[in-house]
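Student: Could you take me through this model, one local feature at a time, and give the cut-offs behind each term as we go?

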Amino acid sequence: MAFRLGIVGCGSISEGHARGAAGSSEVEIVACADLRADLAEDWAERHGCERAYADYLTMIREHELDGVLLATWPNLHREQVLGCLGAGVRAILCEKALALSGAEAREMRSAATAVGALLVEGYMYRRHPAIAKVDELLAAGAIGAVDSVRAAFSLFDPEESAADDPGRDWRQQQELGGGAPYDIACYCVDACNRFAGGPPRRVEALASSSARYETVARLFGLLEYRSGVVGVVESSMRSDFDHELKISGSRGHVRLPVAWRIDYPTEVVVARSVGWGIFEEDRFPIPVVDAYRLELDGFAAAARGEAAPVPTLDESVATALTMDALLASADTGAGVEVEAL
């Protein structure tokens, strides 16, 4: 029997989840909720939901659901996660960024743990077979001992909307959690922590803000891990497209040119130096898959106790605490120790 999900938020990111569910035999999105009732009704009609709601708590109370998917702005996540838990939901998939601070992430972890609920942050890239291939190559020693992890996620924002336009994109609205940190840089932090094997000890960062929107538009950071690995985060809304993950080791480099949202066939590239400035490469083709479908299927399996959650809630707390430290470093101009979990 398919896992029955209710989705909260019928904006653009919800369409990716709808496509993923449509291709899944494990998950169905059977209800949707959005404060904009007309949007919810349209979404339900287009995606075959049983019912649309204007209030997510009413949806939880009145509809038979196995879990809830939060596809809303980051500033709403804390309130909605706690609201879902209070209403009896015991399986929640929440879009990134889970929290706007380490304190929020810890609070949500404590609340979920107290009632035995599953709370998973939605990083669909983690389920992609390209990431599994990177793991396989690292485990086989293809690049030797890992030295550094570079994660870049940049998209150019032309900033065409007026600063007082209430209809401008959420990424241009600071109060909604907009800007680079909680939309794109969080992927980089999550990936650096993942491939370095845990949260960093200390970070140093530079950032700058959009003069028009006062959001953090650029965030660049160095992350020092206890293992000796160094993480490099590059995230900008003033740069052309860059979605690369690169892991460097003692005997080579493994690179995924587009790491975070992979819509087309791709390849994982391993390069090794064979002379001064001369490299040999091995390329590993990766077919097209729907990472949203894999994320939904994995979430359902975790909710049923058949698989571990990806990422774990501790990993999500670590990402939030690391982001706190990066922003504090950028603000003070000094290195900042990352708080323990």
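**Helix packing, strands and backbone**

Tutor: The axes of helix α1 (residues 12–22) and helix α2 (residues 37–47) come within 12 Å and cross at roughly 20 degrees, where axes are lines fitted to C-alpha atoms, for helices over the stretch in contact, and angles run from 0 to 180 degrees between N-to-C directions. This is a predicted model, in which local features need pLDDT of at least 70, side-chain atom pairs count only at pLDDT 80 or more, and totals for chains, interfaces and linings use all residues. Residues are numbered from 1 along each chain as its sequence is written, and side-chain values use heavy atoms, with hydrogens and water left out. Helices (H or I, at least four residues) and strands (E, at least two) are DSSP runs, numbered from the N terminus.

Student: How are α1 and α2 oriented to each other?

Tutor: The two axes cross at roughly 20 degrees, and angles under 35 degrees count as roughly parallel, over 145 as roughly antiparallel, 65 to 115 as roughly perpendicular and the rest as oblique. Therefore α1 and α2 are roughly parallel.

Student: What covers the buried residues of α1?

Tutor: Buried means under 20% relative accessible area, exposed over 50%, and partly exposed in between (1.4 Å probe, protein chains only). In α1 the buried residues are S14, E15, G16, H17, A18, G20 and A21. Their cover includes β1 (3–8), β2 (27–33), α2, β4 (67–70), β5 (91–95) and α8 (291–303).

Student: How are α5 and α9 oriented to each other?

Tutor: Helices α5 (102–114) and α9 (313–332) pack at an angle of about 165 degrees, with their axes 8 Å apart. That angle makes α5 and α9 roughly antiparallel.

Student: Which residues of α9 does α5 meet?

Tutor: From α5, the residues in this contact are G102, A103, A105, R106, R109 and A112, and those they meet in α9 are L313, D314, V317, A320, L321 and D324.

Student: In what sense do β13 and β14 pair, and over how many bridges?

Tutor: Two strands pair if DSSP finds at least two bridges between them. A271 of the β13 strand (residues 266–275) stands opposite E281 in β14. The pairing of β13 with strand β14 (residues 278–286) is antiparallel, over nine bridges.

Student: Which residue takes a positive phi in the hairpin of β13 and β14?

Tutor: This hairpin has two residues between the strands. The positive phi, near 75 degrees, belongs to G277.

Student: Is E159 buried or exposed?

Tutor: E159 has a positive phi of about 55 degrees although it is not a glycine, and E159 is found in the loop between β7 (146–152) and α7 (181–196). At 15% relative accessibility, E159 counts as buried.

Student: Is E214 buried or exposed?

Tutor: E214, a residue other than glycine, has a positive phi near 65 degrees, and its place is in the loop between β8 (202–209) and β9 (216–224). With a relative accessible area of 55%, E214 is exposed.

Student: What is omega for the cis peptide bond that joins V310 and P311?

Tutor: P311 has its place in the loop between α8 and α9. For the cis peptide bond between V310 and P311, omega is about -5 degrees.

Technical notes
Contact = heavy atoms within 4.5 Å.
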